[in-house]
There are 4 protein chains.
Amino acid sequence: MAKSTFEYVKNFEVDDTLLPNTWIVVRLDGKCFHKFSDDHNFAKPNDIRALKLMNYAAFTILREFNDVLMAFGQSDEYSFIFKKQTTLHKRRSAKLLTTMTSKFTSSYVYHWEKFFENDLLKYPPAFDGRVVLYPSDENLIDYMKWRQADVHINNLYNTSFWTLIQKGKLSPSQAEKRLCGTVSADKNEILFQEFGINYNNEPEIFKRGTLLMRQNMLFNNKAKNIIVDIHDDMLKDKFWKQHSSLLSLKQKEINLYNGPTTDIISEQTSLIIE
Amino acid sequence: MAKSTFEYVKNFEVDDTLLPNTWIVVRLDGKCFHKFSDDHNFAKPNDIRALKLMNYAAFTILREFNDVLMAFGQSDEYSFIFKKQTTLHKRRSAKLLTTMTSKFTSSYVYHWEKFFENDLLKYPPAFDGRVVLYPSDENLIDYMKWRQADVHINNLYNTSFWTLIQKGKLSPSQAEKRLCGTVSADKNEILFQEFGINYNNEPEIFKRGTLLMRQNMLFNNKAKNIIVDIHDDMLKDKFWKQHSSLLSLKQKEINLYNGPTTDIISEQTSLIIE
Amino acid sequence: MAKSTFEYVKNFEVDDTLLPNTWIVVRLDGKCFHKFSDDHNFAKPNDIRALKLMNYAAFTILREFNDVLMAFGQSDEYSFIFKKQTTLHKRRSAKLLTTMTSKFTSSYVYHWEKFFENDLLKYPPAFDGRVVLYPSDENLIDYMKWRQADVHINNLYNTSFWTLIQKGKLSPSQAEKRLCGTVSADKNEILFQEFGINYNNEPEIFKRGTLLMRQNMLFNNKAKNIIVDIHDDMLKDKFWKQHSSLLSLKQKEINLYNGPTTDIISEQTSLIIE
Amino acid sequence: MAKSTFEYVKNFEVDDTLLPNTWIVVRLDGKCFHKFSDDHNFAKPNDIRALKLMNYAAFTILREFNDVLMAFGQSDEYSFIFKKQTTLHKRRSAKLLTTMTSKFTSSYVYHWEKFFENDLLKYPPAFDGRVVLYPSDENLIDYMKWRQADVHINNLYNTSFWTLIQKGKLSPSQAEKRLCGTVSADKNEILFQEFGINYNNEPEIFKRGTLLMRQNMLFNNKAKNIIVDIHDDMLKDKFWKQHSSLLSLKQKEINLYNGPTTDIISEQTSLIIE
């Protein structure tokens, strides 16, 4: 029963250290979430409970891993961006990837009830994940813009699609046909002209997704570092100028938060006040 | 808001297709499970509820993924072995790794109550994972033997250690000192001479871990394929001869199961009978 | 001028160790050899001097690297197969790849005159290379068959093409047109019926490429290990049965060579006799 | 003889595309050049013929591959830096690596006589190579500084070592002992006090290695782009300021060369004038 006879099999493990001085992005996606959302009667086109659960699961990641700089989520996907110089798990790819995937999944299941209350989780969901490296700040910013542009495109489509079905009484295939070939302006027009819906007034969490990052808040004149959930427009360069210290290595200046007190924020501030 | 301007960032994703015609092993490990098991009052040296939950989570994987040939678990780790010729997710490494990690984690949290009943899960646990390739059957068999030899070594140590504490009233550091430098025979002797414990009579799930695989069972003279949880001695070549069709590509002959009806088995047979 | 300030850049080098217990194949290909062969007036469809130079360059590799088990070449490409258990350069991919590429290129230029005599090398040629891993003997054998089948297909085509031009007085585009859509039997027929050429009688080095491997030869009743250049039919399983010890790890029995004394062989035997 | 039966082996080739938007560095090193330089009676500590051959081989690379931005060489090593946005060979690692290695080796052997004249090349030399990625300009600059600091350290040591032997009549082991534990200042002192050698007056090609890059030269008032071989001090930030356009993506301003007309330069200018 000499363990050492077999231990040579350890040599088949490969080194998967990620290139230093690059931005590490881990993106998670719900597996078969089309079916999962049907099975759990998610509201269409957006279920606020489901989005809040996603955000909360991501929040638990940022709370636990100081090396995660920010996270951006929409629908059933979430991206986690590590600090550029992170040496967490020696930058080993599989270790970082699975830790994020497992912790997120675990939190999603664990905190389900907090958001869905009596609508029970019928079976365990799963997320898959990938790691992507971005060498420059510009590449990373374009990644963030890419994901947020994706929210816009999908949400405008989905809002139009489900409005045509729910209020316009079209069948799904009729709605699809109606939207085929339309551009953004057309969809805005349909929503406004036919259903009196001004897309601009839709909730920002739907239109822009959610960005989690650390900012300062004042408590009795002392700045405390908290994780905030915001829905800012990352497609505008103004955003990146405002948050220029975020991507810089020195990161001396942390922006002061002056947005609304969300559930995620109040959970943290209640602990500070105590 | 042209998504296409940013879409170039997709080109930074790398192809991680795994070498064809090799055994793919995904091994998961509990993260900080020393603390987790303390926080949840796991019995020492083995908590049968925790082991059964691990096995059940692994069982849900085999039930869902026909391309997982077998799985072996012990303590807070589980290894999943894919069919050698699997093309699941096009053999993409991150996809296979995260799917296993996420599904296992999700099941672990979801089914906690089934095994721990009123002992609530206090916070979401996490598992990390890795992928290893083994080119030959011999390498794979040595991998399985390596993990099972590990169970033996750890369990004999832990059984001795905790017996010295629980029955021998030693402190942890005294127990550690007592065992320092001892070989297997010494530990067996301590258990037997001082505490009347015959290590050979310890439950096989503790001594050997659990192997999940598919076998046939007869129902009304018809063979039905079920997933069985067994504790056979994989260190003996006899085991691999008996299961030679398991690793062969043809796999025409599936062994007939004639062991006890475990919970995992009865859950499946109850569905067949209905 | 502290070197240590900059030495961190070494950490950007990645580990590229190749999976143990797999067959490592390095295949080299001439770069722009269409132009190179025109510039050096290579005979069409085969230039025996060019093929012999390729073989000789490969021979210098086998003579120098005992860990190269065999090599197979045709036209402007050569494949080198390492012993399965080789630990040369710790199995680091780039190291093995570039060593083979550089040594082969170097020998090709250095020994040019030996084969081309007064036809001078007009400029330095280049070869590119790749590394491929094969887990099983069957995969490796299929690789060798793949390359040899390629020789057959290309050579039959090229022989027909150039015969139509050289003896049939067709233009290249007429010859191409004539061969378009033909199968092997058609090409054999054209060669035989129209030009009286029995393709089977073509030199084996043209039809089958060249395999370099180590065999034994008797000198004064003592077996000496030499590198032989042969043109056997590797598509036949008989070949692999005859050479079964080649791929086996034990490799106790080395076949006794009883073919013709080629230039490569006589270069070695002359040294033994001295 | 169906080739297609075996063609599946192509699927074992892996995609080795290098991360976009990173600096690709290929570094070549002479294999066993200690022995090679002895076998060819290289002058010690520096053989100007050998250095010029290295530079010339590198020059043929820059002349042929417009995507190679610059190259830096010393002793028996040479580094090639590709343009950051290069898509040569689709950024496939093995392809870039072997093309550089093979072309360099080929040129080295081919042009040997040009520099060594009647001192014949006794056997084919070899170089190995590696690929390293650098995400930022700062990382790349530090790489260049690292290699040039290396020249300084090695050359001061070697100059002292061989002076102690050649002029001081010490044995190699005595010279080694004498230098053991000395810092740069000590070595400068030994050279100056004992042998009247002012290290600062040593040729810059020995002290700093050779950098190849493209600059403009005026011919009849027209700027022509030529490859220059210079020995500037890259450890000074002044150098990188002067050549800031080199690393920038736009690279509109190309520096005007005003150094000496080296052999490499005159070879190019003679073609322009003709």
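I began with a term: a residue counts as exposed when its relative accessible area is over 50%. I note also that the model is predicted.

Entry 1: Asn220(C) lies in the loop between strand 5 (210-219) and strand 6 (222-230) of chain C. Its relative accessible area is 77%, and therefore I recorded Asn220(C) as exposed. Asn41(B) likewise has a positive phi of about 50°. I found Asn41(B) in the loop between helix 1 and helix 2 of chain B, and it is exposed at 57% relative accessibility.

**Entry 2: cis peptide bonds.** I recalled that most peptide bonds are trans. Pro45(A) belongs to the loop between helix 1 and helix 2 (48-64) of chain A. In chain B, a cis bond joins Lys44(B) and Pro45(B), with omega again about 0°.

**Entry 3: aromatic rings.** I noted 100 aromatic pairs over all chains. One of them joins Phe36(A) and Tyr123(A) edge-to-face, with 5.7 Å between centres and 80° between planes. The two residues are 87 apart in the chain: Phe36(A) is in helix 1 (residues 33-39), Tyr123(A) in the loop between helix 4 (112-116) and strand 4 (127-134). Phe36(A) is buried, at 1% relative accessible area, whereas Tyr123(A) is partly exposed at 28%. Ring pairs link both into a cluster whose members include Phe33(A), Tyr78(A) and Trp112(A).

**Entry 4: charge over a ring.** I located the charged end of Arg147(A) over the ring of Trp146(A), 4.3 Å from its centre.

How values were computed
Residues are numbered from 1 along each chain as its sequence is written. Chains are lettered from A and ligands numbered from 1 in the order in which they are written. This is a predicted model: local features need pLDDT of at least 70, side-chain atom pairs count only at pLDDT 80 or more; totals for chains, interfaces and linings use all residues. Side-chain values use heavy atoms; hydrogens and water are left out. Rings of Phe, Tyr and Trp (its six-membered ring) pair if their centres lie within 6.5 Å; planes under 30 degrees apart count as stacked, over 60 as edge-to-face and the rest as tilted. Helices (H or I, at least four residues) and strands (E, at least two) are DSSP runs, numbered from the N terminus. Buried means under 20% relative accessible area, exposed over 50%, partly exposed in between (1.4 Å probe, protein chains only). A charge sits over a ring if NZ of Lys or CZ of Arg is within 6 Å of the ring centre and within 35 degrees of the ring normal.
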